[in-house]
Amino acid sequence: MITGFALSKKAYAPGTSRVSLNFAPTDAGILPDQMIHALAEARAIKAAPFAADQVQPASLDLRLGDVAYRMRASFLPQRATVAERIHALKLHEISLEGGAVLETGCVYLVPLQESLALPKDIAASTNPKSSTGRIDVFTRVIADNARAFDQIEAGYHGPLYAEISPRTFPVLLRKGSRLSQIRFRRGSAALDAVALKELHARERLVNTADADLTNGVAVSVDLSGFTSGNSKIVGYRAKRHTSVIDVDLRDGQSVADFWEPLEAHKSRALILDPNEFYILASKEAVQVPPGYAAEMVPFDPLVGEFRVHYAGFFDPGFGHAGAGGGGARAVLEVRSHEVPFILEHGQIVGRLVYESMLAAPSRLYGQGIGSNYQAQSLKLSKHFR
């Protein structure tokens with residue numbers, strides 16, 4: 001149990017129910033929405049006023065700035081600032097003020113509207129938003145002098161940049177579009193094997209009697225089929241040479257224009273074609289209790305040349321009955337590399353790593369905050385009607 005401070009039970013809003021950021025030495029966990037607001041008020045997050053739905057239960061959506069740089073290649077700055085690397089590697093600049101199309105197969109870099117001046121005991125990590133991963137836009141966040149993508153060291157002071165590379169569909173972006181999200185944490189918050197087993201015994205994190213809890217909760221693929229009209233499908237394969245997806249437009253596209261449904265087969269197997277993009281779903285229904293957050297991490301790469309789940313954050317309340325979830329499938333963004341690969345029903349493809357929250361958030365995922373994927377099964381991104 002986390003000790004050392006108290007949180008108001010009232011929902012936090014700037015200027016009310018102020019939350020202390022003074023922690024006991026042993027306090028560790030993910031910062032909830034109230035503390036994200038407090039970080040902004042203390043100027044540890046520097047940005048224009050947040051949009052109404054920008055702060056999520058355990059993360060903050062990051063907004064694109066007003067210009068995109070078309071880059072020769074991806075890079076890590078390591079012993080340089082990102083601005084210095086942009087100067088050396090940029091091909092041209094594109095204004096995002098009125099919106100612009102980013103093409104597939106290209107690498108772009110966009111300064112974010114949010115920058116950081118983190119306390120020395122607060123670190124951060126980033127991930128694509130669920131809607132971003134489901135349209136195969138490969139994006140990651142870079143900081144000055146970074147030695148790894150999507151990792152922000154404790155005490156970091158400086159700007160943030162989004163590297164964006166659409167893989168399958170060209171996308172229309174504009175200033176303020178949100179492709180990535182950031183989590184803030186103090187110390188090591190991941191549950192060890194004993195704590196995870198105890199949490200599963202109390203909360204039943206997945207709806208299987210023989211849950212595999214080795215190094216996180218194992219998640220497998222469902223290839224038995226989901227009912228769709230008069231047929232059963234296991235997922236969708238992305239089409240090539242499509243029109244543009246506006247990342248800010250909900251229900252703006254027809255599924256048939258972008259996706260090929262994949263019918264279930266009696267073998268309950270699926271051959272992944274190299275470099276094709278698939279949307280599948282987990283066999284297990286999963287949930288994240290209110291005092292915890294989770295992240296999907298890739299399964300052992302030695303079991304196959306494929307990548308699952310580009311967007312990995314699961315907020316407190318996802319799939320939780322108290323937040324309208326009642327168990328929800330994890331949607332899997334899958335791409336095979338180099339060679340065709342056969343996936344079989346029930347094959348483990350990833351693991352959910354659970355972390356403690358420093359406190360329960362003021363609202364859970366699915367509770368009136370624009371959550372798009374609560375109680376989901378096999379579901380495409382919000383862009384498709």
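Contact here means heavy atoms within 4.5 Å. Keep that in mind as you click around, and remember that this is a predicted model.

Start with helix 1, residues 33-41. Is it mostly covered or mostly out in the open? Mostly covered: eight of its nine residues are buried. To see them, select D33, Q34, M35, I36, H37, A38, L39 and A40. Now show what they pack against: strand 2 (45-46), strand 3 (55-56), strand 4 (59-63) and strand 14 (178-186). Before you leave, step just past the end of the helix to R43, which takes a positive phi of about 70 degrees.

Next stop, the largest nonpolar core, with 72 residues. Pick F184 and W259, the two that touch the most other members. Then colour strand 8 (residues 107-117), which gives the most to this core, with six residues. Domain 1 (29-186) and domain 2 (193-356) both contribute residues, so the core lies between them.

Zoom in on W259. Which residues does it touch, apart from those up to four places away in sequence? They are R134, F169, Y236, R237, A238, K239, F277, I279, L380 and F384. There is also a second, separate core of 34 residues; select V217, V234, M296 and A328 to find some of its members.

Finish at F149, in the loop between strand 10 (137-143) and strand 11 (151-152). Draw a C-alpha to C-alpha distance from F149 to N127: they are 22 residues apart in sequence and 9.7 Å apart in space. Setting aside neighbours within four places in sequence, F149 is in contact with S74, F75, L76, R140, V141, I142 and E163.

Methods:
Residues numbered from 1 in each chain as written. Predicted model: local features only at pLDDT ≥ 70, side-chain atom pairs only at ≥ 80, totals over all residues. Heavy atoms only, no water. Core = buried A, V, L, I, M, F, W, Y, C linked by side-chain atoms within 4.5 Å. Buried < 20%, exposed > 50% of the residue type's maximum accessible area, 1.4 Å probe, protein only. Helix = DSSP H or I, 4+ residues; strand = E, 2+ residues; numbered from the N terminus. Domains from an automatic or database assignment.
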